[in-house]
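Subject: Two-chain model, handed over

Hello,

The structure is below, and my notes follow it. Please read them with the model open.

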Amino acid sequence: MRHVLLALLLALAWASVPAREAPPAAADPALEARLHKLSTELRCLVCQNETLADSRADLANDLRREIRDMMKAGKSDREITEFLVARYGDFVLYRPPVKSTTLLLWGGPFALLALGIVIWFVLLRRRARRVEAAPLTAEEQRLAAALLDSDPARKTP
Amino acid sequence: MTRFVIPLVVFAVLVGFLFVGLRLKPSEVPSPLIDKPAPAFQLTQLHKPGERFGVTDMKGKVWLLNVWASWCVSCREEHPLLMELAKESGVPIVGLNYKDQRENAVQWLARFGNPYALSVVDAEGRTGIDFGVYGVPETFLIDRDGVIRYKQIGPLTREAWQQHILPLVKKLSA
């Protein structure tokens with residue numbers, strides 16, 4: 001029993017020795033963080049619904065390398081984005097700029113919303129008018145009352 | 001009456017959208033480099049590692065830059081057409097050997113035939129990035145002044161050659 005306890009204690013002692021820290025993925029974590037942030041805004045051309053940060057495509061690796069080099073060279077995020085847009089077009093941006101060609105993209109949802117509101121409004125007004133438009137005449141009122149009164153189930157106690 | 005017309009119109013619009021949308025090729029991203037000067041490069045040649053080649057060496061010629069690699073499956077698909085064009089079209093084809101191993105590339109050409117006037121080596125893929133390459137093979141038509149006039153994404157097809165590239169070649173060579 002004593003041996004087992006000793007062995008357990010030793011094992012615990014061994015476990016508490018801190019594991020050697022993994023080598024950092026890159027020399028400069030701040031730069032990597034900046035790279036990651038920027039590349040989540042950029043589209044991978046190969047798998048078009050993935051960001052450059054997420055994609056494991058070969059080209060995405062190369063582009064990240066390229067961006068990393070440019071960052072090391074002191075280029076701003078804006079300059080790097082311009083570099084990519086010059087080569088791959090606005091398509092690389094997940095947030096395309098507002099231009100004549102992207103007007104429908106940016107304005108479309110709002111235009112549809114406005115259209116929906118207009119249709120909704122028109123329908124509501126039409127319905128309101130329809131309800132108003134059919135009041136019973138005095139004759140019909142009388143008839144309805146007579147019918148209701150003649151119903152044996154509705155006889156007042 | 002409108003009760004029937006409105007759904008019909010909505011349906012027609014939907015069909016219209018689908019008709020156009022399903023025929024679009026979202027994998028083909030229009031290049032911003034069309035009608036812009038081809039990015040400058042100076043790369044070593046595949047068969048003559050001691051010699052370099054750049055866009056300016058083709059000044060005065062209408063030519064094709066074909067991005068290829070020995071690992072690229074679709075390159076096999078367009079290869080027979082390239083061979084034919086090299087023989088018959090009179091348009092020089094320069095190969096950009098993209099992210100490849102030199103010996104593999106040389107072997108590939110020896111095995112299937114070499115349609116290229118020469119190939120240059122872009123081992124790191126940097127020149128490819130400058131050209132906005134994202135899917136090998138890609139082919140660029142470059143005019144006498146070194147301006148990119150057309151880009152084919154994916155394998156070159158006879159259809160693309162006859163409908164788009166050949167008319168442009170004729171126009172640019174005139």
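Ground rules

This is a predicted model, in which local features need pLDDT of at least 70, side-chain atom pairs count only at pLDDT 80 or more, and totals for chains, interfaces and linings use all residues. Residues are numbered from 1 along each chain as its sequence is written, while chains are lettered from A and ligands numbered from 1 in the order in which they are written.

The model scores ipTM 0.82 and pTM 0.75. Chain B averages a pLDDT of 93, and 100% of its residues score at least 70. pLDDT is the predictor's confidence in each residue, from 0 to 100.

The two chains

Chain A has six helices and zero strands. Its elements run α-α-α-α-α-α from the N terminus. Helices (H or I, at least four residues) and strands (E, at least two) are DSSP runs, numbered from the N terminus. Buried residues make up 12% of the 157 residues in chain A. Buried means 20 or more other C-beta atoms within 10 Å of the residue's own, exposed means 12 or fewer, and partly exposed is in between; C-beta atoms are placed from the backbone. Of the contacts in chain A with a separation of 6 or more, 39% are between residues 24 or more positions apart.

Chain B has five helices and seven strands. Along the sequence they follow α-β-β-β-α-β-α-β-α-β-β-α. The radius of gyration of chain B is 20 Å, well over the 16 Å that the globule rule gives for 174 residues, so chain B is more spread out than a compact globule. That radius is taken over C-alpha atoms, and the rule is 2.2 Å times the number of residues to the power 0.38. The C-alpha atoms of chain B fill a box of roughly 80 × 35 × 30 Å along the principal axes. In chain B, 36% of the 174 residues are buried. Among its contacts between residues at least 6 apart in sequence, 72% join residues at least 24 apart.

Strand 3 of chain B

Start with residues 63–68. Six of the six residues of this strand are buried, so strand 3 of chain B is largely enclosed by the rest of the structure. B:Trp63, B:Leu65 and B:Val67 point one way. B:Leu64, B:Asn66 and B:Trp68 point the other way. In a regular strand the side chains alternate between the two faces of the sheet.

Strand 3 has two partners to look at. Two strands pair if DSSP finds at least two bridges between them. Five bridges join strand 3 to strand 6 (residues 138–142) of chain B, and the two run antiparallel. Strand 3 also pairs with strand 4 of chain B, in the parallel sense, over five bridges. B:Val67 has a bridge partner in each: B:Glu138 in strand 6 and B:Leu96 in strand 4.

Helix 3 of chain B

Strand 4 (93–98) comes up again here: the buried residues of helix 3 of chain B pack against it. In helix 3 (residues 102–112), B:Ala105, B:Trp108 and B:Leu109 are buried. They cover an arc of only 95° around the axis, which puts them on the same side of helix 3. The arc is that of the directions from the helix axis to the C-beta atoms. On the other side, B:Glu103, B:Gln107, B:Ala110 and B:Arg111 are exposed. Just after the helix, B:Gly113 takes a positive phi of about 105°.

Two single residues

B:Trp161 lies in helix 5 (residues 158–173) of chain B. It counts as buried, with 22 C-beta neighbours inside 10 Å. Not counting residues up to four places away in sequence, B:Trp161 touches B:Leu85, B:Leu156 and B:Leu166.

A:Asp28 lies in the loop between helix 1 (2–16) and helix 2 (29–39) of chain A. A:Asp28 is partly exposed, with 13 other C-beta atoms within 10 Å.

Best wishes

Conventions. Two residues are in contact if their C-beta atoms, placed from the backbone, lie within 7 Å.
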